[in-house]
Amino acid sequence: MKLREIIMDAIKYPISDTRKFLIFCALIIIMSLSTILPSYGVKDSTLSLILTLVTLIVAFVVLGYSMDVIKSGTERDDTLPDFDYVKQFVLGVKALILNIIYFIIPLVIVIIIASATKLFSSLTEIVNVGINSLANETTNMTTIIAAVPKSTMNTFTNALSITLIAGIILFIIFSFLSFTAQVRFAKTGSGTEGLRFREILRDISKVGLIKMIVTLIVIYIIAFALVFVIGLIGLIPYIGVFIGIFVGIPFIILFLYRAIGLLYADA
């Protein structure tokens, strides 16, 4: 599908079935009660604990439903998925685990790089110099920095630069892998499908890396614009927050996941 077709379809999709959209909106409201009610002065420790638990459960259902939305996009099904709360709760748990795995891998690599470039050891030396300076009642920051050996500061600066660059590159790479992994998982319901790196790279190749980058940038720009509008609506006293959450947030979630599903339909 072309970019324009993906965007137009994803915009119309959330309200293609009013009943299901309102149910999804209700789930978002329930999920948000633990943060909304305290802002209105409702403060009870027992109630807060119950609402936190409810929020966690509903959040997994919402994530699982989002996976079904992706699946419907890959199949170019124009209808919102049916609600199956138990199935979607399980899907949500699996999807979270899959996302954690794709977060842990680059994190471990970045830690290894930071250790190899002596980022941690040089930072420790700098902190020790700072502590010793404060112990000697030296509070001037310029003086404290000047007390750090030049070789240590150079090592720290170089290591930090290398680690940051590597971290950004890894984040971008694993973001694309994670997106594709979520789609493969959504299509099959199997977590192992989201870890088949060879097939993931093949899917990215079929979709086209440039198309992926451009599409993801556009849909996130639209999503951020919608968030800005929701923020303005939220300024309306009392009802603004509920309008934004009840309509705006569910619309954005369904828009994003529908667009992602359509993007990968060609794979």
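Biologist: Where does R76 lie?

Modeller: R76 sits in the loop between helix 3 and helix 4. This is a predicted model, and each value discussed here is computed from it.

Biologist: Why is R76 called partly exposed?

Modeller: The relative accessible area of R76 is 42%. Buried means under 20% and exposed means over 50%. R76 falls in between, so R76 is partly exposed.

Biologist: What makes the phi of R76 worth a remark?

Modeller: Phi of R76 is near 55°, which is a positive value in a residue other than glycine. Most residues other than glycine have a negative phi.

Biologist: Where does K118 lie, and what is its phi?

Modeller: K118 is in the loop between helix 4 and helix 5, the latter covering 119–135. Its phi is near 65°, a positive value in a residue that is not glycine.

Biologist: Which label does S115 get, and why?

Modeller: S115 belongs to helix 4. Its relative accessible area is 47%, between the cut-offs of 20% and 50%, so S115 is partly exposed. S115 and T163 are 48 residues apart along the chain, and their C-alpha atoms are separated by 9.4 Å.

Biologist: Why is Q182 called buried?

Modeller: The relative accessibility of Q182 is 10%. The cut-off for buried is under 20%, so Q182 counts as buried. The place of Q182 is in helix 7.

Biologist: Which residues does Q182 touch?

Modeller: Leaving out residues up to four places away in sequence, Q182 touches M67, L98, N99 and Y257.

Biologist: What makes G244 count as buried?

Modeller: G244 has 3% relative accessibility, and buried means under 20%, so G244 qualifies. G244 is part of helix 10. Neighbours within four places in sequence aside, G244 is in contact with I230, I233 and I249. The C-alpha atoms of G244 and D203, 41 residues apart along the chain, are separated by 36 Å.

Biologist: How many residues of the protein are buried, as a percentage?

Modeller: Buried residues make up 39% of the 267 residues.

Biologist: Why is a set of residues called a nonpolar core?

Modeller: Its members must be buried, be of listed types such as Ala, Leu or Phe, and be joined through side-chain atoms within 4.5 Å. The largest nonpolar core here has 55 residues. F24, M67, I219, I260 and Y264 touch the most other members.

Biologist: Which helices supply this core?

Modeller: Among those that each supply at least two residues are helix 1 (3–12), helix 2 (18–39), helix 3 (45–74) and helix 4 (85–116). The largest share, 12 residues, comes from helix 10.

Biologist: Which residues does I260 touch?

Modeller: I260 touches I70, F179, V183, L216 and I219, not counting residues up to four places away in sequence. There is also a second, separate core of seven residues, which includes I126, V148, F156 and A159.

Biologist: How many helices and strands does the protein have?

Modeller: There are 10 helices and zero strands.

Biologist: How do you know how the protein compares with a compact globule?

Modeller: A compact globule of 267 residues would have a radius of gyration near 18 Å, but this protein has 23 Å. The value for the protein is above the value for the globule. The C-alpha atoms fill a box of roughly 70 × 50 × 30 Å along the principal axes.

Biologist: What share of the contacts joins residues at least 24 apart in sequence?

Modeller: Among contacts between residues at least 6 apart in sequence, 81% join residues at least 24 apart.

Note on methods:
Residues numbered from 1 in each chain as written. Predicted model: local features only at pLDDT ≥ 70, side-chain atom pairs only at ≥ 80, totals over all residues. Heavy atoms only, no water. Buried < 20%, exposed > 50% of the residue type's maximum accessible area, 1.4 Å probe, protein only. Helix = DSSP H or I, 4+ residues; strand = E, 2+ residues; numbered from the N terminus. Contact = heavy atoms within 4.5 Å. Rg over C-alpha atoms; globule rule 2.2 N^0.38 Å.
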